[in-house]
Amino acid sequence: MTTSAPLRDLPSPLRRALARADAGKTLTVAEAAELLTAEGAALDALTTTAARIRDAAHGSRITYSRKVFVPLTHLCRDACGYCTFAWPPQGDVAPYLSVEQVLAIARAGAAAGCKEALFTLGDKPEQRYPAAREWLATRGYATTLEYLRAAAIAVIEETGLLPHLNPGVLTWRDLAALKQVSASMGLMLESASPRLLVKGEAHWQAPDKDPAVRLRTLEDAGRLSVPFTSGILLGIGETVMERAAALFALRDVARRYGGLQEVIVQPFRAKADTAMRAHREPTADALLAAIAVARIVLPTRVHLQAPPNLSPDDVERIVGAGIDDWGGVSPVTPDHVNPERPWPHLDELAARTAAAGYRLAERLCVYPEYVARPDPWLSGRMRRPVAALAGPDGLAVPGRRPTGVAWQDPDTPVVGGDDGRWRDAPAGAGVVAPARGTGLRADADAVYGDTGLIAAETLGSGGPRERAVAPRSRVRAEVAAILRAAAAGRAPTEAHALVLLDAAGPELAALCATADEVRAARVGDVVTYVVNRNVNFTNVCYTGCRFCAFAQRRDDPDAYTLSLAQVADRAQEAWDAGATEICMQGGIHPDFGGDHYLALLRAVKQRVPDIHVHAFSPMEVVNGAARLGVEIGEFLARAKDAGLGTIPGTAAEILDDDVRWVLTKGKLPTDAWIEVVTAAHRLSIRSSSTMMFGHVDEPRHWAAHLHLLRRLQQRTGGFTEFVPLPFVHRQAPIYLAGHARPGPGFDDVLRVHAVARLVLQGAIDNVQLSWVKVGLEGADALLRAGANDLGGTLMDETISRMAGSDHGVRQDPETLRDIARAAGRTPAERTTDYGRIEPDGIRYRFPRPTVAANGRP
């Protein structure tokens, strides 16, 4: 930037910040705050830079969404100092719009060519007002969000308008349920300043405006890949430094998750009858500076919006400051948040946009980038309603009027459902909010950004990055004391477990010997196994776990999905071969409805009534519940009625949210995993428990994981066994990128199995080894280090094999029996829940299923 005379006279911090912005340098918060003060020549230079960035990223197009505004309820548990939208119950005025009123608004919008139904409402009013609770209860709803879900479904089916939902602060559970019935959602950050929560400030009586709470919703929306809108509210008492901090907070969310589709820069407008009626509004220059700084700070893929009705005299200058979107504009309904500010006529807006050198283009409430690449942004149910209104470029088709859209074309076979209609079930589908954490995330974010798939699990072979533990010539007194206590039946504490996980040389030998002694005392000398078959019914998955090499996109050449008949055929083959169990799991297929899981169970049990079905990881349970719109317990109860026997305790990986973030981008938080297994145990659906280790984790995570499982078992008693799963690294992108160890060394495998035996004794007494991960020689060693179960024969093992495991996909029962005998033990077949089957009552006749080179069955 050539420094003109007026700019040379600027204070040096502002002049330097302008130069760095113009040069494309990354700004600091302090530099952004300096730019927010720009006026005169400095503002002209700032907006010129922002407009250049906008033009390079978005060209000469300024978009808008033709919408109707649906104020579902004006009740709110908060009381912001500037708000006239929210009011308390008023006499005979109903607390909520009825579904009929909602549809009347939507139909009027459809007739006028609108394509978006913007649902705006107060935060959880039923928690403050009895009138709200009573109104909802008389109509069969427990919460406002349940009613919102039902209203959104009605709008889609009756009018075809796309819901954009603004219901306030949402939990991970809420977002998962509402994603199924919306094209996009939003929550204004407003400010990053907790100072505004104190008495006398704008958010004093609005605890939901806590920036940490609102950022948590934005992060959870990102984890769930929800196309999301947020923004700042300019001039409500924040300083320029706090204003800059809010933009940087939004930038960080956008960078981390990729789902922040637009940021709104909205100026405060004073209103009569509010606490802030005399508060000074931000100047036009302050608004333009904020728009320009937002454009410079935010990733270019994030669209930038300023509402035209709030600054009608400055439309051309706002375009010049760097926006590329006007937001929603309605030819039918007023702006219920700013009713004194009418929308501009669309012809006028187009003309004034053109006068600024840009063309106006209609979009949907979800931006074109997400329409063009719906996976993983749009739920399976929402893709058809969106596609009905979108053109090839992902924008709205001008003049196309929406019509009612069922979630599935009646002429198309419905995957996972019995009819072609939406399921109008309660919201809040069985997931809970993940705990926030830091620490392990930064490196992975830098490498993976918002990409999805990464890979899976195999025993490492050592190497320079393997965890090193120095051998010792003798057993330390501390270790000896811990082992003596464990042998006497006292489980090591978490701190003591961490000491044992550092054992090497003679200490490791003593640890394994003690674990073997405790094993003998707890379960005797019998080594059990189950004759089973793995049925991975699809490998199509968009969850994006960074350790999984099994998952494929729908159009990948190796993608497959088994039909219900094919799944039932595999169950029949397994039963005919002498199996007592099928273990049924698959990817999170975007097209499966929640009923598909139940249909799988029914297909198997109708074909083979007596086979035990061990099926659906906690991630699949959460997905099924969310897609059906029911609580986790209700989904599991339906699954049990359909034939579910037990569930695998997979998807546990490491029950620490920092580690889980690196592995899975937080797709299934620890609390959600716990909720699923607890709900299952409450329904007498038992489960296994697992731990995948040797990647980005540390021994402290292993010790904490084991103790968490012990506490859960003491509470529920529902775990049948514990299965340590060494990370299979060979085809794992997280390993190939250099961000994970090459699996654990075998000494760590011994330590984990042995310590698990000691920590879990008296709680989970069956410790299973995974022969598919450690091989037959490793199995022999682990049977001497506390393990008492060899797992299943499997018949078809796909997930570990795709990750690079080379220990086979099946074992004949006699091979497993030979392993037990070689360790000096007695083999016995068991049932899934560890009932014993007498050896002389068994016949085996294993089929040899064909597996193609690409891994597809």
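A crossing of two helices is right-handed if the near helix is turned clockwise from the far one by less than a right angle, and left-handed if anticlockwise. The model used here is predicted.

**Exercise 1.** Describe how helix H9 packs against helix H10.

Solution.
1. H9 spans residues 211-223 and H10 spans residues 240-257. Their axes lie 9 Å apart, at an angle of about 15°.
2. Angles under 35 degrees count as roughly parallel. H9 is therefore roughly parallel to H10.
3. The crossing of H9 and H10 is right-handed.
4. H9 brings Leu-215, Leu-218, Glu-219, Gly-222 and Arg-223 to the contact. H10 answers with Ala-249, Leu-250, Val-253 and Tyr-257.
5. Sorted by class, the contact of H9 with H10 holds 6 nonpolar, 1 polar and 2 charged residues.

**Exercise 2.** Classify the crossing of helix H22 and helix H23.

Solution.
1. The axes of H22 (residues 594-607) and H23 (residues 618-628) come within 6 Å and cross at roughly 120°.
2. That angle makes H22 oblique to H23.
3. Gly-594, Asp-595, Tyr-597 and Leu-598 of H22 touch Glu-620, Asn-623, Gly-624, Arg-627 and Leu-628 of H23.
4. The classes come out as 3 nonpolar, 3 polar and 3 charged.

**Exercise 3.** Which strands stand at the edges of the open sheet of 4 strands?

Solution.
1. The strand order is S16-S10-S17-S18, with mixed pairing.
2. S16 (789-792) and S18 (836-837) each have a single partner strand, so both are edges.
3. S17 (residues 826-830) pairs with S18 in the antiparallel sense, over 2 bridges. Arg-830 stands opposite Arg-836 in S18.
4. Helix H32 (residues 813-822) packs on the sheet and touches S10 (526-530), S16 and S17. The direction of H32 makes about 140° with that of S17.

Conventions: Residues are numbered from 1 along each chain as its sequence is written. This is a predicted model: local features need pLDDT of at least 70, side-chain atom pairs count only at pLDDT 80 or more; totals for chains, interfaces and linings use all residues. Side-chain values use heavy atoms; hydrogens and water are left out. Axes are lines fitted to C-alpha atoms, for helices over the stretch in contact, and angles run from 0 to 180 degrees between N-to-C directions. Angles under 35 degrees count as roughly parallel, over 145 as roughly antiparallel, 65 to 115 as roughly perpendicular and the rest as oblique. Contact means heavy atoms within 4.5 Å. Ala, Val, Leu, Ile, Met, Phe, Trp, Tyr, Cys and Pro count as nonpolar, Asp, Glu, Lys and Arg as charged, and the others, Gly among them, as polar. Two strands pair if DSSP finds at least two bridges between them.
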